[in-house]
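Reader: I would like to learn how to read the features of a protein model, one at a time. Could we go through them slowly, with the general idea before each case?

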Amino acid sequence: MANTVLVEDRLALRFSFDKRETDGFFNNDTGNNDRAAFTDVDTWRLGLRYDPTDRLSSVLKYTYIEDRGSSVRGATASLPDRIVRSEDARQHDINSLSFNLNYDINDALTFSSSTIITNANPITDRVFRTAVEKRERNYDVFEQEFRLNYTTDRAKAVVGAFYTK
């Protein structure tokens with residue numbers, strides 16, 4: 001992770017990268033995959049904070065997640081003959097862009113806005129003993145939230161609206 005102040009008390013940049021990786025915990029003798037139950041996830045994040053005044057602050061963030069892996073399930077006690085072994089391979093690519101804005105109207109009243117746009121493309125292969133089921137999906141999600149917060153020594157109140165598509 002790297003944090004960089006571009007303009008003191010006004011503009012800052014943050015970058016982070018996370019990698020999570022496992023080789024799996026056993027060999028799959030029934031298929032061609034010697035990495036059964038592996039995980040390989042890369043997460044990239046970039047954030048920009050901009051505070052043009054003491055009353056207005058904003059944060060723009062971009063996140064990219066590349067998730068590759070598999071999981072293995074055995075037969076269940078209630079269905080011992082149905083699925084001897086199933087192996088799910090996953091391939092998920094997720095892009096997310098968010099923008100948060102906070103404006104202190106006065107000492108008691110604050111306006112907040114949060115916008116998130118996400119695109120996810122999960123692909124899952126389910127491998128049974130004799131068949132492969134491939135599931136591809138694409139999700140585009142838009143979320144918008146507006147809040148008005150009122151805070152004094154005597155009372156607290158929030159009113160807002162949320163929309164998702």
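Author: Let us start with exposure, where a residue counts as buried under 20% relative accessible area, as exposed over 50%, and as partly exposed in between, using a 1.4 Å probe and protein chains only. Asp 54 has a relative accessible area of 72%, and therefore it is exposed. The model is predicted, so local features need pLDDT of at least 70 and side-chain atom pairs count only at pLDDT 80 or more, while totals for chains, interfaces and linings use all residues. Residues are numbered from 1 along each chain as its sequence is written, and side-chain values use heavy atoms, with hydrogens and water left out.

Reader: Which side chain meets that of Asp 54 in a salt bridge?

Author: Side chains of opposite charge can pair when their charged atoms come close. The term salt bridge is used when a side-chain nitrogen of Lys or Arg lies within 4 Å of a carboxyl oxygen of Asp or Glu. Asp 54 meets Arg 10 in this way, at 3.5 Å from N to O. The two belong to distant parts of the chain, 44 residues apart, with Asp 54 in the loop between β3 and β4 and Arg 10 in the loop between β1 (2-7) and β2. The strands named here are DSSP runs of E with at least two residues, and helices are runs of H or I with at least four, numbered from the N terminus. Arg 10 is partly exposed, because its relative accessibility is 29%.

Reader: How many salt bridges does this rule count?

Author: The count comes to seven salt bridges. One of them joins Asp 40 and Lys 19, at 3.1 Å from N to O. Asp 40 lies in strand β3 and Lys 19 in strand β2, so this pair ties together parts that are 21 residues apart in sequence. Another salt bridge is formed by Asp 93 and Arg 68, whose closest N and O atoms are 3.0 Å apart. Asp 93 lies in strand β5 (residues 85-104) and Arg 68 in strand β4, so here the parts tied together are 25 residues apart in sequence. Asp 93 counts as buried, because its relative accessibility is 18%. Salt bridges that share partners also join Lys 19, Asp 40 and Asp 42 into one network.

Reader: What describes a pair of aromatic rings?

Author: Such a pair is described by the distance of the centres and the angle of the planes. Rings of Phe, Tyr and Trp (its six-membered ring) pair if their centres lie within 6.5 Å, and planes under 30 degrees apart count as stacked, over 60 as edge-to-face and the rest as tilted. The whole structure holds four aromatic pairs. Among them is the tilted pair of Phe 15 and Trp 44, with 6.1 Å from centre to centre and 50 degrees between the planes. Phe 15 lies in strand β2 and Trp 44 in strand β3 (residues 39-50), so the pair ties together parts that are 29 residues apart in sequence. Phe 111 and Phe 146 form a stacked pair, with 6.0 Å from centre to centre and 20 degrees between the planes.

Reader: Where does Thr 63 lie, and which residues does it contact?

Author: Thr 63 is found in strand β4 (residues 56-74). Contact means heavy atoms within 4.5 Å. Leaving aside neighbours within four places in sequence, Thr 63 is in contact with residues including Trp 44 and Ile 94.
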